[in-house]
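Please keep the sequence and the coordinates at hand while reading.

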Amino acid sequence: ADELFGGYPRYYLAEMGSKFARWPGFAQRLGKQLLGTVPGHKAAKLQPMLGRDSKSLVYRNSGFVTTSQLAGLFEVPESGCEARLDLLESIWHEECSVLDNLLVFEQATYLQPILSRQDKMSMAASIESRVPMLDNEVVDLALTIPSSQKLRRLQPKHLLKKAAARLIPLDVVYGRKQGFGVPLGAWLRRDSRLWDYTEGILDVDWVHEGLNRKALETMVREHG
């Protein structure tokens, strides 16, 4: 539901960045200076998004590593993400808002590996899972709803929650969002049962194709 109805708080970064881009130049400079004095991780996340063009706001919204980190891990130039940029160009609609374009881009990128992992994990436990929110009719309906109705008054999934509040207790509907985190740090430690497996993979040649082996080993052993 998040990619369809605007459920991730990080979507506000694109929304605020889009509004910021419409400010006069002097106001933008002043705003960035003032934001730089605000402590906390939220201000730190917003700062790099200010002053970017619409497509850059969408492209970088779901990024969890910096380009310098990628450049150190992959033995390819920074422009090694052409396929992702080409996809953004192919789905972009100038008549739509930044947030509308972002949600469509998320459905084509961020959502895909999540579904793949969910399918593999459920089948590993002999469970054939279903995702009701991705029913064709639900998806078609979601695509007709403007983003202004999905994120409203700092409330992610505004319209969906408003509809759900008729059927589900309010403390559940408006409760704090909780993800399903994966304890990668714990898995990569030497006292983990997965350590021998991880160490063995590092010795497989094909794992390193296109990767900086030393950088990869450093990342793994920092958890060891």
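Predicted model: local features only at pLDDT ≥ 70, side-chain atom pairs only at ≥ 80, totals over all residues.

The side chain of K55 meets that of E89 in a salt bridge, with 2.9 Å from N to O. Since K55 belongs to helix α5 and E89 to helix α7, the pair ties together parts of the chain that are 34 residues apart in sequence. E89 is likewise partly exposed, its relative accessible area being 47%.

A search of the whole structure finds five salt bridges, and another of them joins D2 to K157, whose closest N and O atoms are 3.1 Å apart. Here D2 lies in helix α1, whereas K157 lies in the loop between α10 (136–144) and α11 (158–164), so this pair ties together parts that are 155 residues apart in sequence. Both partners fall in the buried class: D2 has a relative accessible area of 12%, and K157 one of 17%. D2 and K157 also belong, together with K177, to a network of salt bridges.

A further salt bridge is formed by R10 and E106, with the closest N and O atoms 2.7 Å apart. R10 sits in the loop between α1 and α2 and E106 in helix α8, so the pair ties together parts that are 96 residues apart in sequence. R10 is buried, and E106 is buried as well. What else does R10 lie over? It lies over the face of Y8, at 4.8 Å from the ring centre, and its charged end also sits over the ring of Y110, 4.7 Å from the centre of that ring.

These two rings lead on to the aromatic pairs. A pair of aromatic rings is described by the distance of the centres and the angle of the planes. The count of such pairs comes to three, and one of them, between Y8 and Y110, is edge-to-face, with 5.6 Å from centre to centre and 90 degrees between the planes. This pair links distant parts of the chain, 102 residues apart, as Y8 is in the loop between α1 (2–5) and α2 and Y110 is in the loop between α8 and α9 (111–124). Y8 is buried, with a relative accessible area of 15%, whereas Y110, at 24% relative accessibility, counts as partly exposed. The rings of F20 and W23 have centres 5.0 Å apart and planes at 50 degrees, so that pair is tilted; F20 is buried, with a relative accessible area of 3%, while W23 is partly exposed at 43%. Y8 and Y110 form one aromatic cluster together with Y11.

Y11 leads in turn to the nonpolar packing. The largest nonpolar core has 23 residues, of which Y11, V58, L88, L99, L102 and F105 touch the most other members. At least two residues of this core come from each of α2 (11–20), α4 (41–46), α5 (54–59), α7 (82–91) and α8 (98–108). When neighbours within four places in sequence are left aside, L99 is in contact with Y11, E15, S147 and L151. Apart from this core lies another, of seven residues, including L73, L211, L216 and V220.

Key:
Residues numbered from 1 in each chain as written. Heavy atoms only, no water. Core = buried A, V, L, I, M, F, W, Y, C linked by side-chain atoms within 4.5 Å. Buried < 20%, exposed > 50% of the residue type's maximum accessible area, 1.4 Å probe, protein only. Helix = DSSP H or I, 4+ residues; strand = E, 2+ residues; numbered from the N terminus. Contact = heavy atoms within 4.5 Å. Phe/Tyr/Trp six-rings, centres within 6.5 Å; stacked < 30°, edge-to-face > 60°. Lys NZ or Arg CZ within 6 Å of the ring centre and 35° of its normal. Salt bridge = Lys/Arg side-chain N within 4 Å of Asp/Glu carboxyl O.
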